Amino acid sequence: MARALELAHKGLFTTTPNPRVGCVIVRGEKVVGEGWHEKAGGPHAEINALAAAGAQAAEATAYISLEPCVHHGRTPPCTDALIAARVARVVAAMPDPNPQVAGNGLAALKSAGIRAETGILENEARELNIGFVSRMTRGRPWVRMKIAASLDGKTALMNGRSQWITGSAARRDGHAWRARACAVLTGIGTLRDDDPQLTVREVATPRQPLRVIVDSRLEAPPAAKALAGGGTLVAAAVHDDKKMRALRDKGAEIVVLPNAAGKVELGELMRELGRRGINEVHVEAGFKLNGSMLREGLVDELLLYLAPHLLGDAARGMFDLPALEDLSGRHELKIHDLSMVGDDIRVIARVVKV
């Protein structure tokens, strides 16, 4: 199963909106076939592994990092292929959270006389597909918020300048996290201050994530780098035909999702991204949008890079949050990982839901 997960990891940047899945077929003590889901629309991991195994798949055991599908999508059900190959046993790391599968794949195998079980390295499998699980069970993506800050928690000078707080190794690592995401999201404030491209550049990737800009009043300049090449999604709270036309001329798509305060309804934006098959959202925004998303309970994970220097109280912080009068109102986090990346500290912390 560990090898199946290793194979699944090969699809880290390419399987969206599908899950990352690997499969190893073993007959006796010998691996006779391996495969992974390489890209959406292509053969699933089981199909590739069965093709590699050929006739040796008969009476073999298939180790799969996710329950095999039992429904017709862009490809036929993998359960049918496993049954036709006459495998004797299927071991899945975890059940598929997709309601179209959700135990039905294992049930179909058992009905055909194949021994089927799940629960081997389930936590590791769930981590690999944490965004897919989120979208299937909550209807919205897993939201990972990346922040580069000084050791005293400051993300930019008072004048908005922030390039570069962390070192080159941390920036490359941040781009690797961008590459695995389905969408990179920022706000109009960051667009004005930094004019970011919102693309993956520091690591090799076969595809670029969707670029998303939260821009309530449609203030994004058409010359912004994040609009270059088209395909950017702009979330607004107002209708303005002239501004919309200028952005659409740059190839942008606009969705208008206002809330009662005249801002973008961020929860609905996350649901919209979920409907579009977005599994993981990588947020790189300023302290105002960061604070709004945290207050609204939309942040699942913080990806923090802390540089070994101090910027002082006057510099901008990580989040625009209201002052607390009691510690009971604090946002609880759980440290998931702590490591050094170059000279900077990388902290992965998950928001504790109450």
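1. In what follows, Ala, Val, Leu, Ile, Met, Phe, Trp, Tyr, Cys and Pro are taken as nonpolar, Asp, Glu, Lys and Arg as charged, and the others, Gly among them, as polar. The structure under discussion is a predicted model.

2. Overall form. The protein chain contains eleven helices and 14 strands. Its C-alpha trace extends over about 70 × 45 × 40 Å along the principal axes. A compact globule of 354 residues would have a radius of gyration near 20 Å, and the 22 Å found for the protein chain therefore agrees with that expectation.

3. Burial, surface and contacts. Of the 354 residues in the protein chain, 50% count as buried. The chain exposes about 16,400 Å², of which carbon and sulfur atoms supply 52%. When contacts between residues at least 6 apart in sequence are considered, 69% of them join residues at least 24 apart.

4. The largest cavity. Rolling a probe the size of a water molecule over the atoms shows where empty space is left. The count comes to one cavity of 30 Å³ or more, and the volume of the largest cavity is about 40 Å³. Its lining consists of Leu12, Thr15, Thr16, Asn18, Arg20, Asn129, Gly131, Phe132, Asn279 and Glu280. By class, this lining comprises two nonpolar, six polar and two charged residues. Under the classes set out at the start, Leu and Phe count as nonpolar, Arg and Glu as charged, and Gly as polar.

5. The second largest pocket. This pocket has a volume of about 470 Å³. Its lining is made up of 24 residues, and those nearest its centre are Asn18, Pro19, His44, His71 and Asn98. Asn18 also belongs to the lining of the largest cavity.

6. The largest share, three residues, comes from α6.

7. Thr61. This residue lies in strand β3, which covers residues 61-64. Its relative accessibility is 13%, and because buried means under 20%, Thr61 counts as buried. Setting aside neighbours within four places in sequence, Thr61 is in contact with Val24, Ile25, Val26, Arg89 and Val91.

8. His282. Apart from neighbours within four places in sequence, the contacts of His282 are Arg144, Lys146, Gly174, Trp177, Arg178, Ala181, Ala183, Val184, Leu185 and Leu303.

9. Met94. This residue is placed in the loop between β4 (89-92) and α4 (104-111). Met94 has a relative accessible area of 1% and is therefore buried. Beyond its neighbours within four places in sequence, Met94 is in contact with Ser65, Leu66, Glu67, Thr118, Glu122, Ala125, Arg126 and Val133.

10. How far apart in space are Met94 and Leu5, C-alpha to C-alpha? The two residues are 89 residues apart in sequence, and the distance between their C-alpha atoms is 11 Å.

Note on methods
Residues numbered from 1 in each chain as written. Predicted model: local features only at pLDDT ≥ 70, side-chain atom pairs only at ≥ 80, totals over all residues. Heavy atoms only, no water. 1 Å grid on protein atoms, 1.4 Å probe; cavity = no way out; pocket = protein on both sides within 12 Å on 5 of 7 lines; lining within 4 Å. Points joined across faces, edges and corners; volume = space filled by probe spheres on them. Helix = DSSP H or I, 4+ residues; strand = E, 2+ residues; numbered from the N terminus. Rg over C-alpha atoms; globule rule 2.2 N^0.38 Å. Buried < 20%, exposed > 50% of the residue type's maximum accessible area, 1.4 Å probe, protein only. Contact = heavy atoms within 4.5 Å. Areas by Shrake-Rupley, 256 points an atom, 1.4 Å probe, with all protein chains shown as cover.
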